[in-house]
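Here is a colleague's note to read alongside the model. Please keep the structure open while you go through the points.

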Amino acid sequence: MIYDMEFETLPREALEAIQLKRLQATLQRAYATVPFYRDRFREYGVLPTDIRSLDDMEKLPFLVKQDLRDNYPFGLFAVPKENVVRIHASSGTTGKPTVVGYTARDIETWASLMARALSAGGARRGDIIHNAYGYGLFTGGLGVHYGAEKLGATVIPVSGGNTKRQITIMKDFGPSILTATPSYTLHLAEVAREMGVDFKELNFRHGIFGAEPWSEAMRRQIEGDLGLSAVDIYGLSEVMGPGVAVECHEAKAGLHIFEDHFIPEIIDPDTGKRLPMGEVGELVFTSITKEAFPVIRYRTRDITRLTAEPCVCGRTLIRMERVSGRTDDMLIIRGVNVFPSQIESVLMMISEVEPHYQLEVDREDSLDILTVKVEISQKLFTDEVRGLQNLERMIAKNIKEYLGISAKVRLVEPKSIARSEGKAVRVIDRRKI
């Protein structure tokens with residue numbers, strides 16, 4: 001079902017006319033109300049009136065996460081603080097948190113876009129949605145919550161954690177839609193098995209998963225273990241939160257970007273030059289309806305590509321491929337670029353290991369050493385050292401053949417890698433560079 005038939009199926013010419021009108025209004029307002037944007041535009045010698053077409057966006061400077069931190073906490077707000085009804089923030093694990101604000105209209109817009117996203121993922125009015133995204137400063141939980149209510153669904157605001165209790169709630173309340181991070185979803189399935197609960201006998205039809213990169217192989221694992229249809233949802237707090245883009249359950253072939261609210265671009269991460277449709281690069285977003293916290297050419301650091309091919313679902317929106325990694329969590333191992341999701345894809349081909357892993361990077365005698373820690377499956381857990389050594393060698397060989405890098409592989413006991421209630425910690429980089 002398409003939630004907003006008018007805007008999700010607009011002809012390209014009509015959509016681009018709306019984009020340009022909203023873009024010009026956003027630029028004028030940001031220039032007038034946010035000193036950072038006014039100073040940055042002047043530095044680059046561009047005025048809002050210079051943007052007469054969507055192609056002119058290349059004249060505009062980029063916004064990066066450090067700009068948000070430099071203007072912490074409220075320096076990029078475009079409305080008086082008394083008009084801000086909600087504040088969210090990132091965890092700030094690598095520095096000051098990034099703070100974003102919402103007006104009442106922003107919240108309404110977000111709820112409507114999340115209703116679109118949930119609908120695309122298979123949710124309907126009357127569904128019960130088990131929302132295991134974290135609540136609080138993280139945008140995931142409340143984003144899904146407001147969208148579900150807008151759609152007319154019932155929300156179980158369970159958040160993350162208390163996993164055994166969640167399984168009991170699933171049995172007793174009969175939710176039909178699951179929303180969570182992919183890694184926590186697999187943990188839910190794992191705990192359910194320990195409790196003697198078969199996920200396939202629960203009432204779930206669809207799952208809408210995001211907040212971290214995940215592979216096609218992990219989708220198959222989730223669908224096989226949980227007996228539901230799984231789609232990817234994309235968003236980030238700086239741009240809005242979840243609901244910027246979503247896969248439709250009919251195709252599962254790229255995420256539809258809600259272009260009447262966000263203009264996407266793909267750039268070369270090294271040069272900043274815009275790339276043609278279909279080429280892989282860094283995703284950049286400009287918001288064109290946000291009031292409190294507009295972002296103009298925000299570099300997401302996410303790696304993907306865009307496609308304008310028609311979709312079987314009937315939506316006319318551009319689609320983005322599932323994010324394959326980030327320019328800032330990309331590992332460079334002896335000159336080779338590697339993303340955790342690529343390692344994951346190799347591991348998921350091997351039935352003897354579980355989808356729980358960590359990448360550890362060290363530097364020894366000026367050489368980078370990548371160690372892949374992966375849990376062995378319970379059924380294969382054994383003291384037969386030779387068998388385990390052979391499996392380690394096979395995994396290392398597959399990584400070498402598929403990705404062109406050498407890695408040490410260390411098999412570890414089931415459940416020995418820490419589980420996360422939110423985004424999984426995939427990389428531990430101990431190099432001193």
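1. Start with a loop residue. Ala211 is found in the loop between E6 and H9 (helices are DSSP runs of H or I with at least four residues, strands are E runs of at least two, and both are numbered from the N terminus). Phi of Ala211 is near 80°, a positive value in a residue other than glycine. Most residues other than glycine have a negative phi. With a relative accessible area of 28%, Ala211 is partly exposed (buried is under 20% relative accessible area, exposed is over 50%, and partly exposed is in between, with a 1.4 Å probe and protein chains only).

2. A word on the source. This is a predicted model, in which local features need pLDDT of at least 70, side-chain atom pairs count only at pLDDT 80 or more, and totals for chains, interfaces and linings use all residues. Residues are numbered from 1 along each chain as its sequence is written, and side-chain values use heavy atoms, with hydrogens and water left out.

3. Lys415 also deserves a look. Its phi is positive, near 70°, in a residue other than glycine. Lys415 sits in the loop between strand E20 (408-412) and strand E21 (427-429). Lys415 counts as partly exposed, at 47% relative accessibility.

4. Tyr72 and Pro73 are joined by a cis peptide bond, with omega about -5°. Most peptide bonds are trans. Pro73 belongs to the loop between helix H4 (65-70) and strand E1 (86-89).

5. Next, a helix pair. How do H5 and H6 cross? The axes of helix H5 (residues 104-120) and helix H6 (residues 139-151) come within 7 Å and cross at roughly 80° (axes are lines fitted to C-alpha atoms, for helices over the stretch in contact, and angles run from 0 to 180 degrees between N-to-C directions). H5 and H6 are therefore roughly perpendicular (65 to 115 degrees; under 35 is roughly parallel, over 145 roughly antiparallel, and the rest oblique). In contact (heavy atoms within 4.5 Å), H5 residues including Trp110, Met114 and Leu118 meet H6 residues including Val144, Tyr146 and Leu151. The contact residues of H5 with H6 divide into ten nonpolar, five polar and two charged (Ala, Val, Leu, Ile, Met, Phe, Trp, Tyr, Cys and Pro are nonpolar; Asp, Glu, Lys and Arg are charged; the others, Gly among them, are polar).

6. Among the buried residues of H6 are Gly143, Val144, His145 and Leu151. Gly152 follows H6 and has a positive phi, near 100°.

7. H2 and H3 form another pair. Helix H2 (residues 12-33) packs against H3 at about 105°, with the axes 5 Å apart. H2 and H3 are therefore roughly perpendicular to each other. Leu27, Ala30, Tyr31, Ala32 and Thr33 in H2 meet Pro35, Tyr37, Arg38, Phe41 and Arg42 in H3. These contact residues divide into seven nonpolar, one polar and two charged.

8. Arg42 lies in helix H3 (residues 35-43). Is Arg42 buried or exposed? Arg42 counts as exposed, at 53% relative accessibility. The C-alpha atoms of Arg42 and Pro355 are separated by 50 Å.

9. The largest nonpolar core has 75 residues, of which Tyr37, Leu118, Tyr234 and Met320 touch the most other members (a core is a set of buried Ala, Val, Leu, Ile, Met, Phe, Trp, Tyr and Cys residues joined through side-chain atoms within 4.5 Å). H5 gives the most to this core, with eight residues. A second, separate core of 27 residues includes Val158, Tyr184, Leu186 and Leu228.

10. H8 is an enclosed helix. Eleven of the 13 residues of H8 are buried, so H8 is largely enclosed by the rest of the structure. Its buried residues pack against helix H7 (163-173), strand E5 (177-180), strand E6 (206-210), helix H9 (216-226) and strand E18 (353-364). Gly196 follows H8, and its phi is positive, near 75°.

11. Finish in strand E5, where Thr179 lies. Thr179 counts as buried, at 1% relative accessibility. Leaving out residues up to four places away in sequence, Thr179 touches residues including Leu118, Val144 and Ile208.
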